[in-house]
Amino acid sequence: MTRPHTTVVLAMSADGKIADVARSAPKFTSSIDFAHLERQVAIADAVLFGAGTLRAHGSAMSIRDSQLIAQRREKQKPDQAIQIVCTRSGVIPSDIRFFQQNIPRWLLTTEKGATSWQNNSQKPFDEIIVAENSAGEIDWEETLKTFKNKGIERLAVLGGGELIADLFTREFLDELWLTVCPVLLGGKDAPNPIEGTGLSLDNAQKLHLLSVENIDQEVFLHYQVIHHDSVS
């Protein structure tokens, strides 16, 4: 495969929202889900998320569990997965904790979005990847090939819904982890796991359920994405 194995990891309300209508950082998950998320980040080579997700949280999902770090070292991996923020505009607040974290930081953006960061004397990003198509959007095929060529075999995607929609519509997703949390948010403008225009029922993406686990009040669902070219 010419791209990384890509897994989406999300927590959502029982009515399928990944944040409230104000798009603030979700605080409806438990410590159990946090540990689950950390494990998924620990098995990835890199983590990808949108600028909106970063603005809401202010920081990246770093690995703090010493056992998980030890497991990465045993596999000759660095302590922390690469944290890749995706933004067309390049607009990211420079005063957020993300830039103080001891993590490898990459920026995925367009020519315009890269300008201010390339000229920044402090070099806050270890690497800036520019992958832009003729419409001024992120060229995902080129991006994922670049990731693969730079040694990223496993990629975890943590949101938001628009970024996931871009990968989803191009069939660049392989697995999906969903934590269903015991809360209702409602609201037609509250973000969903997959935004964008959506698919018709005839073209709906099929999934294969790999596992389901109920821990306390949360349900953990693990799916394999069935690509159309693999269906006989």
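Visitor: Is R154 buried, partly exposed or exposed?
Guide: This is a predicted model. In it, R154 counts as partly exposed, at 32% relative accessibility.

Visitor: Which side chain does R154 meet in a salt bridge?
Guide: E175, at 3.9 Å from N to O. R154 lies in strand 6 and E175 in strand 7, so the pair ties together parts 21 residues apart in sequence.

Visitor: And E175, buried or exposed?
Guide: E175 counts as buried, because its relative accessibility is 13% and the cut-off for buried is under 20%.

Visitor: How many salt bridges does the structure hold?
Guide: It holds 11.

Visitor: What does R3 pair with?
Guide: D174. The closest N and O atoms are 2.8 Å apart.

Visitor: New topic: E137. Which residue is its salt-bridge partner?
Guide: R88, with the closest N and O atoms 3.3 Å apart. E137 is in the loop between strand 5 and helix 5, and R88 is in the loop between strand 3 and strand 4. They are 49 residues apart.

Visitor: How accessible are they?
Guide: E137 counts as partly exposed at 33% relative accessibility. R88 also counts as partly exposed, at 42%.

Key:
Residues are numbered from 1 along each chain as its sequence is written. This is a predicted model: local features need pLDDT of at least 70, side-chain atom pairs count only at pLDDT 80 or more; totals for chains, interfaces and linings use all residues. Side-chain values use heavy atoms; hydrogens and water are left out. A salt bridge is a side-chain nitrogen of Lys or Arg within 4 Å of a carboxyl oxygen of Asp or Glu. Helices (H or I, at least four residues) and strands (E, at least two) are DSSP runs, numbered from the N terminus. Buried means under 20% relative accessible area, exposed over 50%, partly exposed in between (1.4 Å probe, protein chains only).
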